[in-house]
Amino acid sequence: MGKITKDMSLMELLQTYPGAKDILARYGMGCLGCMGSTMETIEGGARMHGIDLRNLLDELSCLEEKGPE
């Protein structure tokens, strides 16, 4: 299992860590329904939504500690 990085696609993130859906939703990223989520990276999604990437990655990193669901 890979580390969550800014270059990971949103779809890969959501498939590996379904709990990421709640974190992304808190940031206003409803990525499950978005067609671009299959190819969009975490960094690209954060940029599109005006989200601080470092804060988002810090919060997502807690999912790595729990492991994939």
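Me: What does relative accessible area say about whether a residue is buried or exposed?
Reply: Buried means under 20% relative accessible area, exposed means over 50%, and partly exposed lies in between. This is a predicted model. In it, Lys3 has a relative accessible area of 59%, so Lys3 is exposed.

Me: Where is Lys3, and which residues does Lys3 touch, leaving out those up to four places away in sequence?
Reply: Lys3 sits in the segment before α1 (10–16). Lys3 touches Met8 and Glu64.

Me: Is Thr16 buried or exposed?
Reply: Thr16 is buried, because its relative accessible area is 13%. Thr16 belongs to helix α1, and its side chain reaches the backbone oxygen of Glu12 at 2.8 Å.

Me: Which parts does the salt bridge of Arg26 and Glu59 tie together?
Reply: The side chains of Arg26 and Glu59 meet at 2.1 Å, N to O. Arg26 lies in helix α2 (residues 20–26) and Glu59 in helix α4 (residues 53–66), so the pair ties together parts 33 residues apart in sequence. Arg26 is exposed at 57%, while Glu59 is partly exposed at 23%.

Me: What separates Arg54 and Asp58 in helix α4?
Reply: About one helical turn, because they are 4 residues apart in that helix. Their side chains form a salt bridge (3.1 Å, N to O).

Key
Residues numbered from 1 in each chain as written. Predicted model: local features only at pLDDT ≥ 70, side-chain atom pairs only at ≥ 80, totals over all residues. Heavy atoms only, no water. Helix = DSSP H or I, 4+ residues; strand = E, 2+ residues; numbered from the N terminus. Buried < 20%, exposed > 50% of the residue type's maximum accessible area, 1.4 Å probe, protein only. Contact = heavy atoms within 4.5 Å. Polar contact = N/O pair within 3.5 Å; in protein donor to acceptor, adjacent residues only side chain to side chain. Salt bridge = Lys/Arg side-chain N within 4 Å of Asp/Glu carboxyl O.
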